[in-house]
Amino acid sequence: MIAKFLDGKVLAQTIRENLKNEVQKIKDTKGSFPTLISILIGNDQGSLSYVASQKKVAEYIGIHYDLVNFPSTIAHNDLIQCILGLNSEARVHGIIVQKPVPSQIDYAKIISSIDPSKDVEGMNLANIGKMILGGNRLVPCTAASVMEHIQSTGVDLRGKEAVVIGRSDIVGKPVIHLLLEKNLTVTVCHSATDPKKLIEHIGRADVVVAAVGKPAFVKGEWIKEGAIVIDVGINKVISQIVGDVEFDVAKNRASFITPVPGGVGPLTVVMLMRNCIEAFKFQRQQGVGVTI
Ligand code: NAD
């Protein structure tokens with residue numbers, strides 16, 4: 001079997017067009033638009049390029065995007081005050097704080113200070129809690145991208161076996177709960193999982209989500225024939241970007257597989273924009289966030 005490639009660029013383009021139409025309708029009928037504020041501290045190269053891509057996608061969709069760039073010396077309390085100010089500004093619908101942050105900044109406290117309705121990364125405790133209990137639409141963006149890829153296969157997921165490798169707060173843990181919500185039977189593997197058992201777990205999985213951060217960690221021969229394989233990993237090997245799955249072998253066993261690069265990554269920023277639009281809609285329903 002040769003797997004179908006789940007092309008993240010194509011999926012991202014389709015969803016981006018739908019979001020653009022949705023924002024245009026909002027502008028036409030309500031005369032308002034979503035606004036996303038991105039906070040960057042210092043000038044980390046990775047963050048600068050992520051911010052540039054966010055701005056490009058936001059503006060394409062019709063979301064107003066403002067970058068607030070603080071020097072790397074900013075005091076923790078000053079950053080909190082800035083966020084509290086943005087929380088109370090009705091024209092601001094989404095707030096994202098770029099990582100990494102300098103050592104004087106307590107990232108967890110910063111995320112907690114964002115109003116849950118404006119937390120477009122879906123990472124503050126209220127939103128994580130709602131995701132676990134069900135019903136929250138502001139879910140962490142990479143996990144949302146993983147789920148879009150899985151659902152784009154059209155496969156009936158109910159009762160299927162899923163294995164998530166990795167339990168990070170931003171990828172593994174949210175994916176576990178989103179898979180549960182779709183009625184899969186979910187096994188989680190992590191750094192303390194017995195390596196022999198890891199192979200057994202992967203071998204029975206209909207859906208494999210690899211978020212480990214180790215190049216070609218999941219061997220192709222471990223994959224069950226016909227499985228859906230979602231590779232979240234981004235690993236630099238010499239000058240190449242590779243995933244966590246041994247792609248060349250896995251693609252001959254899986255039914256669907258995401259390439260790296262060009263799989264989960266391109267959709268992540270679009271999920272951020274979708275969250276901003278959801279935040280906008282929610283705030284309008286609540287009677288706040290009315291823009292000019
Ligand atoms: P992380 O380092 O926070 O977590 C890695 C996880 O792998 C941990 O939970 C750990 O328990 C698990 N692990 C480590 N060794 C293991 C082993 N031997 N067996 C089983 N599990 C093991 O990483 P992260 O932030 O979740 O990111 C994972 C990968 O995904 C990285 O390559 C990262 O660059 C990539 N990533 C991609 C996107 C995207 O948009 N495509 C977004 C975030 C992260």
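In which kind of crossing, left-handed or right-handed, does H6 pass H10? Keep that in mind while you set up. This is a predicted model, in which local features need pLDDT of at least 70 and side-chain atom pairs count only at pLDDT 80 or more, while totals for chains, interfaces and linings use all residues. Residues are numbered from 1 along each chain as its sequence is written, and side-chain values use heavy atoms, with hydrogens and water left out.

**Stop one: the helix pair.** Select residues 141-151 for helix H6 and residues 264-285 for helix H10; helices (H or I, at least four residues) and strands (E, at least two) are DSSP runs, numbered from the N terminus. The two axes come within 8 Å and cross at roughly 115°. Here axes are lines fitted to C-alpha atoms over the stretch in contact, with angles from 0 to 180 degrees between N-to-C directions. H6 and H10 are therefore roughly perpendicular, a label for angles of 65 to 115 degrees. Now the answer: H6 passes H10 in a right-handed crossing, meaning that the near helix is turned clockwise from the far one by less than a right angle.

**Stop two: the ligand.** Stay with H10, which gives the most to the shell around the ligand, with three residues. Then show the 21 residues around the ligand, each with a heavy atom within 4 Å of it. Arg167, Ser168, Ser191, Ile234 and Thr268 come nearest. Colour the shell by type and you will find nine nonpolar, ten polar (Gly among them) and two charged residues.

A backbone N or O atom of arginine 167 is 2.8 Å from a ligand oxygen. A polar backbone atom of histidine 190 lies 3.4 Å from a ligand nitrogen, and a polar side-chain atom of lysine 214 is 3.1 Å from a nitrogen of the ligand. Taken alone, the ligand exposes 860 Å², of which the protein buries 73% (Shrake-Rupley method, 1.4 Å probe).

Most residues other than glycine have a negative phi, and most peptide bonds are trans. Select lysine 99 and proline 100: their peptide bond is cis, with omega near 5°. Proline 100 sits in the loop between strand E4 (94-97) and helix H4 (107-113). Another cis bond joins valine 260 and proline 261, with omega about 0°, and proline 261 is in the loop between strand E11 (256-257) and H10. Finish at alanine 216, which has a positive phi of about 50° and lies in the loop between strands E7 (207-210) and E8 (228-231).

Methods
A polar contact is a pair of N or O atoms within 3.5 Å; within protein, one must be able to donate a hydrogen and the other to accept it, and residues adjacent in sequence count only if both atoms are side-chain atoms. Angles under 35 degrees count as roughly parallel, over 145 as roughly antiparallel, 65 to 115 as roughly perpendicular and the rest as oblique.
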